[in-house]
Amino acid sequence: MVDFGNRLRALRIAKGWTQSQLSSRLGLTKSVISAYETSLRYPSYDILIRITAIFGVSSDYLLGIEQTQTLDISGLSEENAQLVRQLVDALRN
């Protein structure tokens with residue numbers, strides 16, 4: 001789980017959240033989030049599941065098992081989903 005802290009921090013920053021904001025969403029203290037991000041502590045299974053739901057990523061991604069990050073586009077119209085796919089493809093090139 002070496003990547004967990006780095007991935008959690010990157011996801012938090014991508015949302016524009018502080019450690020305090022994330023800790024409030026999870027019902028934890030800021031110091032716990034800091035410990036997760038510096039790999040001094042790891043979350044329980046319950047907290048891990050809540051983190052995956054908040055960020056829309058898989059636990060495999062957070063734990064470093066899976067290298068790719070997924071993007072949940074459910075709820076979008078087919079037209080908007082296609083636009084997102086095209087944007088992602090353009091950003092890769």
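**Helices, rings and exposure in a predicted model**

Me: What is the share of helix and of strand over residues 8-62, and how far apart are the end C-alpha atoms?
Reply: Over residues 8-62 the chain is 71% helix and 0% strand, and its end C-alpha atoms lie 7 Å apart. UniProt, in an unreviewed entry, lists this stretch as "domain: HTH cro/C1-type"; its positions follow the numbering used here, feature names are shortened, and annotations may be inferred rather than shown by experiment.

Me: What kind of model is this, and which residues count towards its local features?
Reply: This is a predicted model, in which local features need pLDDT of at least 70 and side-chain atom pairs count only at pLDDT 80 or more, while totals for chains, interfaces and linings use all residues. Residues are numbered from 1 along each chain as its sequence is written, and side-chain values use heavy atoms, leaving out hydrogens and water.

Me: How many helices and strands does the protein have?
Reply: The protein has six helices and zero strands. Helices (H or I, at least four residues) and strands (E, at least two) are DSSP runs, numbered from the N terminus.

Me: Why is the pair of Trp 17 and Phe 55 called tilted?
Reply: Rings of Phe, Tyr and Trp (its six-membered ring) pair if their centres lie within 6.5 Å; planes under 30 degrees apart count as stacked, over 60 as edge-to-face and the rest as tilted. Trp 17 and Phe 55 are 5.5 Å apart, centre to centre, with 45 degrees between the planes, so the pair is tilted. Trp 17 lies in the loop between helix H1 (4-15) and helix H2 (19-26) and Phe 55 in helix H4 (residues 45-55), so the pair ties together parts that are 38 residues apart in sequence.

Me: How do you know that a charge sits over the ring of Trp 17?
Reply: The term requires NZ of Lys or CZ of Arg within 6 Å of the ring centre and within 35 degrees of the ring normal. The charged end of Arg 25 sits over the ring of Trp 17, 3.9 Å from its centre. Likewise, Arg 7 lies over the face of Tyr 61, at 4.4 Å from the ring centre.

Me: What makes H2 roughly perpendicular to H4?
Reply: Axes are lines fitted to C-alpha atoms, for helices over the stretch in contact, and angles run from 0 to 180 degrees between N-to-C directions. The axes of H2 and H4 come within 10 Å and cross at roughly 115 degrees. That makes H2 roughly perpendicular to H4, since angles of 65 to 115 degrees carry this name, whereas those under 35 count as roughly parallel, over 145 as roughly antiparallel and the rest as oblique.

Me: Why does Lys 30 count as partly exposed?
Reply: Buried means under 20% relative accessible area, exposed over 50%, and partly exposed in between (1.4 Å probe, protein chains only). Lys 30, in helix H3 (residues 30-37), has 44% relative accessibility and therefore counts as partly exposed.

Me: What makes Ala 14 exposed?
Reply: Ala 14 belongs to helix H1. Its relative accessibility is 68%, so Ala 14 counts as exposed.

Me: Into which class does Ser 39 fall, and why?
Reply: At 28% relative accessibility, Ser 39 counts as partly exposed. Ser 39 is in the loop between H3 and H4 and has a positive phi of about 60 degrees although it is not a glycine.
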